[in-house]
Amino acid sequence: MYYSKWKVHKISVTDQVLLALMKLRQNFSHADLAFRFDVSVGKVSNIVLTFIHVLYKILFKTLMNSIPKRSKNESGFPHCARTFTNCRIILDCTEVISAVFRQSMKTQK
């Protein structure tokens, strides 16, 4: 169900997700996104609000139910994070790029 109670037929669901993520990541204006996807500003607003609510339900409501209680986490928390008393999880999204020779890649199999 869309936020504004009317469906968007002109754009595929994949492109709607892309549109919402473009808004969240790059903060393009609704007018800019409307031009890029050839839709009205109202449709862009409807899509963005809808997918923000969908992402909230998926990422927060669903995932937060599977996170252990704070008291259980205290024993496994790193020492540097103990000052953050309200912290329940630490998400590390570090990406490390390294050069690996082809020969060593073959030996890993």
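Analyst: Helices (H or I, at least four residues) and strands (E, at least two) are DSSP runs, numbered from the N terminus. By that rule, Asp38 sits in the loop between helix 2 and helix 3. This is a predicted model, in which local features need pLDDT of at least 70, side-chain atom pairs count only at pLDDT 80 or more, and totals for chains, interfaces and linings use all residues. Residues are numbered from 1 along each chain as its sequence is written, and side-chain values use heavy atoms, with hydrogens and water left out.

User: How many helices and strands does the chain have?

Analyst: Five helices and zero strands. Along the sequence the pattern reads α-α-α-α-α.

User: How do I read burial, and what percentage of the chain's residues count as buried?

Analyst: Buried means under 20% relative accessible area, exposed over 50%, and partly exposed in between (1.4 Å probe, protein chains only). The chain has 109 residues, and 20% of them count as buried.

User: What share of the contacts with a separation of 6 or more joins residues 24 or more positions apart?

Analyst: A contact means heavy atoms within 4.5 Å. Among contacts with a separation of 6 or more, residues 24 or more positions apart account for 44%.

User: How many residues are in the largest nonpolar core?

Analyst: A nonpolar core is a set of buried Ala, Val, Leu, Ile, Met, Phe, Trp, Tyr and Cys residues joined through side-chain atoms within 4.5 Å. The largest one here has 14 residues. Ile11, Leu19, Leu33, Phe37, Val44 and Ile47 have the most contacts inside it. Helix 1 (13-26), helix 2 (30-37) and helix 3 (41-64) each give it at least two residues. The largest share, four residues, comes from helix 3.

User: Which residues does Ile11 touch?

Analyst: Leave out residues up to four places away in sequence. Ile11 then touches Gln16, Leu19, Phe37, Val39 and Ile47.

User: Which residues of helix 1 are buried?

Analyst: Gln16, Leu19, Ala20, Met22 and Lys23. Look down the axis of helix 1: these buried residues fall within an arc of 155° (taken from the directions from the helix axis to the C-beta atoms), so they line one face of the helix. On the other side, Thr14 and Arg25 are exposed. The cover over the buried residues of helix 1 includes helix 2 and helix 3.

User: What length does helix 1 reach?

Analyst: The expected span of a helix is 1.5 Å times one less than its number of residues. Helix 1 has 14 residues and reaches 20 Å from first C-alpha to last, close to the expected 20 Å.

User: At what angle do the axes of helix 1 and helix 3 cross?

Analyst: Axes are lines fitted to C-alpha atoms, for helices over the stretch in contact, and angles run from 0 to 180 degrees between N-to-C directions. Under 35 degrees counts as roughly parallel, over 145 as roughly antiparallel, 65 to 115 as roughly perpendicular and the rest as oblique. The axes of helix 1 and helix 3 cross at roughly 85° and come within 9 Å. That makes helix 1 roughly perpendicular to helix 3. From helix 1, Val13, Gln16, Val17, Leu19, Ala20, Leu21, Lys23 and Leu24 meet Val44, Ile47, Val48, Phe51, Ile52 and Leu55 of helix 3.

User: How do helix 2 and helix 3 cross?

Analyst: Their axes come within 8 Å and cross at roughly 105°. Helix 2 is therefore roughly perpendicular to helix 3. Helix 2 makes the contact with His30, Ala31, Leu33 and Ala34, and helix 3 with Val41, Val44 and Ser45.

User: Where is Val54?

Analyst: Val54 is in helix 3. Its relative accessibility is 35%, so Val54 counts as partly exposed. Val54 and Tyr2 are 52 residues apart in sequence, and 9.7 Å apart in space, C-alpha to C-alpha.

User: What is the phi of Asn27?

Analyst: Most residues other than glycine have a negative phi. Asn27 is not a glycine, yet its phi is positive, about 55°. Asn27 follows helix 1 and lies in the loop between helix 1 and helix 2. At 56% relative accessibility, Asn27 counts as exposed.

User: What is the phi of Asp38?

Analyst: Near 60°, a positive value in a residue other than glycine. Asp38 has a relative accessible area of 52%, so it is exposed.
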